[in-house]
Amino acid sequence: RGTLNERLPNAYVGGRGTLKERIPTAYVGGRGTLKERIPTAHGRGRGTLKKRLPTVIIIGVAKCGTGALRDILSIHPNIVAPYREINYFNNNKHYEQGLKYYRNMMPRSYEDQITIEKTPKYFENPETAN
């Protein structure tokens, strides 16, 4: 089981400091500690932990808060997201490697979890829409 900091990797909130230090309780309702407000996610009975394609893709212009949005959403135990930008759809080198490559870039998740990918450059690159 472990502590909240052990269960939710620091990488999702910038890789520095503890979750309690990096994300104010205001983001999770403004009452109580993060440990009290966020239910623990237990792996028992949830199926297979494996890499999955994202069900949500966050796009937006640079410096519009996409990273903050990903960090805040990733606090929830049923949401997982890679910390770095994948740049799959706007990078021909990555795109030509196919969906297997794209899936491999995602974090492991259970079937009932939501996998999110965040790459603002999808918005900026006209090739991405093609």
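The following conversation sets values from this predicted model against the definitions behind the words.

Biologist: How many helices and strands does the chain have, and in what order do they come?

Modeller: The chain has 7 helices and 5 strands. Starting at the N terminus, the order is α-α-α-β-β-α-β-α-α-β-β-α.

Biologist: What share of the residues counts as buried?

Modeller: Of the 130 residues, 36% count as buried. The accessible surface of the chain is about 8200 Å², and carbon and sulfur atoms contribute 51% of that area.

Biologist: Why is Tyr88 called buried?

Modeller: The word applies under 20% relative accessible area. Tyr88 has 2% relative accessibility, so Tyr88 counts as buried.

Biologist: Which residues does Tyr88 contact, apart from its neighbours within four places in sequence?

Modeller: They are His94, Tyr95, Gly98, Leu99, Tyr101, Tyr102 and Tyr122.

Biologist: Why is Phe89 called partly exposed?

Modeller: Exposed requires over 50% and buried under 20%, with partly exposed in between. The relative accessible area of Phe89 is 27%, and therefore Phe89 is partly exposed.

Biologist: What makes the pair of Tyr88 and Phe89 edge-to-face?

Modeller: Two rings pair if their centres lie within 6.5 Å, and planes over 60 degrees apart count as edge-to-face. The centres of Tyr88 and Phe89 are 4.9 Å apart, with 85° between the planes.

Biologist: Which residues make up the largest nonpolar core?

Modeller: This core has 6 residues in all: Ile86, Tyr88, Tyr101, Tyr102, Met106 and Tyr122. In soluble globular proteins, nonpolar side chains tend to be buried together.

Biologist: How do you know that the buried residues of α4 line one face of the helix?

Modeller: The buried residues in α4 are Thr66, Gly67, Arg70 and Asp71. Seen down the axis of α4, these buried residues fall within an arc of 135°, so they line one face. Their cover includes β2 and β5.

Biologist: Where does Lys63 lie, and is this residue buried or exposed?

Modeller: Lys63 is in the loop between β2 and α4. The relative accessible area of Lys63 is 87%, which is over 50%, so Lys63 is exposed. An unreviewed UniProt entry lists Lys63 under "active site".

Biologist: Where is Asn87, and why is Asn87 called buried?

Modeller: Asn87 is in the loop between β3 and α5. Its relative accessibility is 16%, which is under 20%, so Asn87 counts as buried.

Methods: Residues are numbered from 1 along each chain as its sequence is written. This is a predicted model: local features need pLDDT of at least 70, side-chain atom pairs count only at pLDDT 80 or more; totals for chains, interfaces and linings use all residues. Side-chain values use heavy atoms; hydrogens and water are left out. Helices (H or I, at least four residues) and strands (E, at least two) are DSSP runs, numbered from the N terminus. Buried means under 20% relative accessible area, exposed over 50%, partly exposed in between (1.4 Å probe, protein chains only). Accessible areas come from the Shrake-Rupley method with a 1.4 Å probe; for residues, only the protein chains shown count as cover. Rings of Phe, Tyr and Trp (its six-membered ring) pair if their centres lie within 6.5 Å; planes under 30 degrees apart count as stacked, over 60 as edge-to-face and the rest as tilted. UniProt positions are given in the numbering used here, feature names are shortened, and annotations may be inferred rather than shown by experiment. The arc is that of the directions from the helix axis to the C-beta atoms. Contact means heavy atoms within 4.5 Å. A nonpolar core is a set of buried Ala, Val, Leu, Ile, Met, Phe, Trp, Tyr and Cys residues joined through side-chain atoms within 4.5 Å.
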